[in-house]
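Please have the sequence and the model at hand.

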Amino acid sequence: MISISILELSLLASFIGVSLTGDVPVVAPFSFPPALKEGERGSATCTIRSGDTPLEFQWLKDGQEAKDIEGIKIQSVMDSSFLVISSVSSKSSGNYTCIVRNAFGSDRYTSSLAVTAPPTWKTEPVDLFTKEGESEVIHCEASGVPPPEIKWAKGDSEKNSFISSDPSSSIKVLPSGSLSFSKIEATMQGSYTCIADNNFGMPLSKTILVKVREAPVLAPFSFTPALKEGERGNAACSVRSGDIPFEFKWFKDGKDLEEIDGIKIQSLTDSSVLSITSVSSKSSGNYTCVVKNAFGSDRYTSALAVTAPPTWKAEPTDLDTQEGENEVIHCEASGVPPPDIKWTYDSAEKGSIVTGDASSNIKILPNGALSLTKIEASMQGSYTCIADNKIGSPLLKTIFVKVREAPVVAPFYFPPGLKEGERGSAICTIKSGDRPFEFQWMKDGESVSESSNVKIQSVLDSSFLVIEAVTSESSGNYTCIVKNSYGSDRFVAALTVTAPPVWHKEPTDVVAQEGDSLTIDCTATGVPTPTIKWRSGGTENGYISNDSAAIIRVLTSGSLVISKVEASLKGLYTCEADNGFGKSLQKMISISVRDSPVVAPFIFPPGLKEGEQGSVTCTIRSGDRPAEFQWLKDGTEVTESSTVRIQSSGDYSILLIQSVVPESSGNYTCIVKNAYGSDRYTATLTVSAPPVWVKGPRDILVQEEDSVSLPCSAEGEPKPSIKWLRGVENTEIGSDSFPGMSVSPAGSLVIAKVQSSMQGSYTCVAENGLGKPLTQTITLSVRGK
């Protein structure tokens with residue numbers, strides 16, 4: 001049988017010039033059985049959907065001839081070709097291509113063969129032993145078709161969620177499937193399961209143990225609080241977590257603590273007990289338990305405070321000092337806890353002195369000492385130091401501070417206004433200071449010695465200077481000097497021997513004619529020389545000057561000169577002689593000019609009260625006789641009655657009111673007339689009467705922001721003064737005390753703009769010094785807008 005290939009046939013037809021026409025082959029899609037497992041049979045059939053025969057088939061695997069691959073058999077029959085793999089393996093997987101040709105062309109189709117294989121370990125995870133702070137990676141790899149997916153779970157994978165691949169997590173799954181621990185902690189200890197699964201066969205699962213070798217962690221411990229000397233002290237140091245075995249060691253205040261008499265240390269597997277049979281103050285301190293294992297160490301420190309009542313270290317003692325010194329009184333005590341030091345002055349009931357007040361000259365220093373800065377006499381007294389730590393009884397020690405004081409001289413004076421021949425004495429006494437004292441007297445800077453006229457006697461803390469008969473030479477500055485061992489003091493008193501003025505030439509009344517010149521002498525003697533002044537009228541005003549151009553003037557000699565007498569110059573004139581010692585001399589004279597009468601001034605008795613008798617005498621000081629008298633009250637003529645009597649005789653007229661009443665008050669005028677004219681003088685009679693209300697204040701309701709005036713007036717003699725008080729505190733309302741409020745001259749309380757804060761009680765008080773003051777309290781109510 002002759003076999004001719006499709007290629008040979010195509011070449012032959014071309015050679016002999018024959019044209020071939022027909023259909024190109026079209027391969028129908030094909031596939032291998034899905035999910036073939038290793039060892040199973042795998043086959044694929046490549047068939048022609050259309051095309052002319054004869055056909056030629058060719059198989060490729062991944063681009064290589066398939067027929068040359070061991071285990072692959074190919075059989076082609078007419079329009080089909082069969083590829084058979086008797087026992088597939090993972091190597092059988094790949095892309096299989098069927099190519100079909102005929103004389104008119106070719107076609108191909110490719111189908112994939114995937115041979116599945118359950119996962120098998122490539123790198124099986126193993127247990128991990130590590131310690132805190134380390135970084136670890138646990139490898140887990142598996143092969144299979146398709147490649148297995150690697151997952152990790154902590155503990156039992158069926159009960160726990162899988163570990164993520166979050167890069168920020170301290171436990172995460174790497175892309176390779178390894179489990180990464182970025183920083184080992186004790187909490188990471190436990191079992192971890194690696195699972196490899198490709199959904200074919202049974203998943204691989206391997207659980208391993210991660211053991212974190214932990215450094216020890218101590219539980220806090222403490223000694224029994226407030227242990228007293230002689231009691232038993234124990235402390236138990238226990239390991240809260242960590243891997244055994246442990247090694248324990250004890251320290252006190254940083255030094256190794258060994259077992260000695262009274263101290264026992266007993267260490268067990270995970271604890272150590274320190275026992276002190278009988279504690280003392282020396283047992284106090286910081287006790288440290290240190291525990292170690294193969295992976296690290298830990299320590300804990302607890303303080304043991306053995307209480308002990310206070311005892312003196314530096315007991316305060318009495319202090320003897322002097323003014324101006326700075327002193328420190330030490331007071332120290334020991335005890336556990338350390339005692340608190342306080343100081344009190346005089347007695348414990350008077351309170352403790354403030355600690356550390358820099359502004360005080362008595363203060364407690366940080367070490368408990370009492371500081372006395374710039375000693376004063378007032379600091380003398382008892383001081384008590386108290387040391388207390390609330391254990392047992394406090395220590396108390398009272399000491400006395402004695403301030404040795406320099407002398408202080410009490411002010412003294414000579415009797416004022418001593419006259420020649422009188423006795424002058426001064427007593428120099430010590431106000432404060434320590435004895436003994438030494439006295440010395442000086443006059444104008446020179447030492448005073450005893451004589452027949454001068455006596456000095458010093459007794460204890462006083463010295464007496466006596467001048468039996470003072471003279472003008474006795475005048476001067478007398479100094480008493482006092483000394484003691486701690487200093488000195490002095491006081492100066494002036495002695496002035498005075499002679500009050502006496503008349504040398506006393507002025508007398510003068511009667512002159514108009515146009516005359518007149519000189520009235522007035523001279524006086526005294527020590528110092530008296531000053532002479534003249535004043536006109538009966539008042540304290542109107543002193544006459546020494547102006548040489550004036551009609552009336554005073555000469556340096558003291559004489560009163562009138563260069564030309566005029567009727568207007570008649571009247572009373574007073575000459576005064578004064579040298580500042582004793583009572584000044586005053587002599588009132590009248591200068592009469594012959595013509596009309598001149599009435600001498602008169603006054604009613606001052607301070608007359610209701611029911612008392614009031615009288616006044618109107619006298620003619622000058623003027624030609626005869627004279628006629630007339631009395632007026634407030635411009636109306638006064639006539640006699642049962643209570644009013646008038647008696648006129650020659651040069652005078654007496655007005656008598658037997659029982660004065662307030663209505664008696666007024667201006668009383670005495671009018672005197674003669675042939676040449678008239679004169680008059682008016683005196684005021686004031687009858688004193690306690691205040692009575694004219695218009696008392698009343699409660700009032702006012703709109704806020706309105707203005708209001710609260711009237712308050714009273715009458716009496718003298719005229720009562722009005723004041724307003726606010727609230728129960730009775731604070732007086734003045735120009736500055738309550739802004740917006742004022743008291744008018746008439747006594748009304750004026751509020752320019754009422755505020756709600758002004759609501760309350762107000763009291764009006766009227767008083768004139770007589771009787772009981774009038775008071776009226778009212779309420780000011782404010783109604784809001």
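In this predicted model, strand E28 (residues 306-314) pairs with E20 in the parallel sense, over 2 bridges. Leu 227 stands opposite Val 306 in E28. The two strands belong to an open sheet of 3 strands, ordered E20-E28-E31, with mixed pairing. Its edge strands are E20 (227-228) and E31 (332-336), each pairing on one side only.

Now the rings. The structure holds 15 aromatic pairs. Two of them are tabulated here.

| Pair | Centre to centre | Angle between planes | Type |
|---|---|---|---|
| Phe 221 and Trp 250 | 5.6 Å | 65 degrees | edge-to-face |
| Tyr 413 and Phe 491 | 6.1 Å | 85 degrees | edge-to-face |

Phe 221 sits in the loop between strand E19 (217-218) and E20, while Trp 250 sits in strand E22 (residues 247-252). This pair links distant parts of the chain, 29 residues apart. Phe 221 is buried, at 7% relative accessible area. Trp 250 is also buried, at 2%.

What does the pair of Tyr 413 and Phe 491 tie together? Tyr 413 lies in the loop between strands E37 (408-409) and E38 (424-432), and Phe 491 lies in strand E44 (residues 487-495), so the pair ties together parts 78 residues apart in sequence. Tyr 413 has a relative accessible area of 62%, so this residue counts as exposed. Ring pairs link Tyr 413 and Phe 491 with Phe 412 and Trp 441 into a cluster.

Charges also meet rings. Lys 151 lies over the face of Phe 162, 5.0 Å from the ring centre. The charged end of Lys 533 sits over the ring of Tyr 543, at 5.4 Å from its centre.

Notes
Residues numbered from 1 in each chain as written. Predicted model: local features only at pLDDT ≥ 70, side-chain atom pairs only at ≥ 80, totals over all residues. Heavy atoms only, no water. Pairing = 2+ DSSP bridges. Helix = DSSP H or I, 4+ residues; strand = E, 2+ residues; numbered from the N terminus. Phe/Tyr/Trp six-rings, centres within 6.5 Å; stacked < 30°, edge-to-face > 60°. Buried < 20%, exposed > 50% of the residue type's maximum accessible area, 1.4 Å probe, protein only. Lys NZ or Arg CZ within 6 Å of the ring centre and 35° of its normal.
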